[in-house]
Amino acid sequence: MNFKDKISRYFSYGELVLYRKDNNPSRGELVKLTQLCNNFLDHVRDVFGKTIVTSGYRNKKYNKAAGSRDTSQHMKGEAVDIYISNIDMRIVFLYIYENMDYDQLIFENVNGKIWIHVSWKLKGNRKSTLTYRDNEYKKYSGGLI
Ligand SMILES: [Zn+2]
C-alpha cells in the first residue's frame, strides 16, 4: 500500500497509519481499518467536514509509545482518534452518541487537548460511552460529558 492510496471515499492509507513506514497492519487489520473508514469515518466526514485522524492503526511499538495498553483496539485496526477544528467537539460526540453505531466512544480531554476515541466493528458493537476527566482523579467515567 502507498500512503496516498484511498481506503474509503475520503481517507487514505497514510492517514490511518500516521504516515509511518514501519507501522504496517496485517491484512486482517487492514480489512478492519477499511471497514471502520467506510462505515463510520466517511459518515462523520460527510456531516462535519474535514476530520483529522490524530491516531489510527498502531503496531506494538507505536502503541507503547502512545502509553497505551496491549489490549488497545488501535492495535487491531478497530479504533481511531479524531479531531475536527472549528466546532465544539462535544457536538460531534453527542451526534455520534445519538445517531451512530459504535463499539466504544470516549471523549478525551488531556492537558487541554481534546479528541474523540472511537472504535467500530462489523459485528458486536457494545455502544459503550465514556468520558475521560483530566482532573485530580484522572479517570474514565461512564456516559456523557
Ligand atoms: Zn484512541
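Among contacts in this protein between residues at least 6 apart in sequence, 57% join residues at least 24 apart. Two residues count as in contact if their C-beta atoms, placed from the backbone, lie within 7 Å. The model is predicted: local features need pLDDT of at least 70, side-chain atom pairs count only at pLDDT 80 or more, and totals for chains, interfaces and linings use all residues. Residues are numbered from 1 along each chain as its sequence is written.

**Overall build**

- The protein has 4 helices and 6 strands. These are DSSP runs, numbered from the N terminus: helices are H or I with at least four residues, strands are E with at least two.
- Along the sequence, the pattern reads α-α-β-α-β-α-β-β-β-β.
- The radius of gyration is 14 Å, close to the 15 Å that the globule rule gives for 145 residues, so the protein is as compact as a globular protein of that length. This radius is taken over C-alpha atoms, and the rule is 2.2 Å times the number of residues to the power 0.38.
- The C-alpha atoms fill a box of roughly 40 × 30 × 30 Å, taken along the principal axes.
- Buried residues make up 28% of the 145 residues. A residue is buried if 20 or more other C-beta atoms lie within 10 Å of its own, exposed if 12 or fewer, and partly exposed in between; C-beta atoms are placed from the backbone.

**Helix α2 (27–48)**

- The 22 residues of α2 should span 32 Å at 1.5 Å a residue, and its end C-alpha atoms are 30 Å apart, which agrees. The expected span is 1.5 Å times one less than the number of residues.
- α2 has a kink of about 40 degrees, centred on cysteine 37. The bend at a residue is the angle between axes fitted to the seven residues ending there and the seven starting there.
- Its buried residues are Lys32, Leu33, Leu36, Cys37, Phe40, Leu41 and Val44. They pack against α1 (13–16), β2 (79–83) and β4.
- Glycine 49 follows α2, with a positive phi near 85 degrees.

**Helix α4 (89–99)**

- Val92, Phe93 and Ile96 are buried in α4. They cover an arc of only 100 degrees around the axis, which puts them on the same side of α4. The arc is that of the directions from the helix axis to the C-beta atoms.
- The face turned away from that buried side carries the exposed residues Ile91, Glu98 and Asn99.
- Cover for the buried residues of α4 includes α2, β3 (104–110) and β4 (113–119).

**Lysine 123**

- Lysine 123 sits in the loop between β4 and β5 (128–133).
- Lysine 123 is exposed, with 5 other C-beta atoms within 10 Å.
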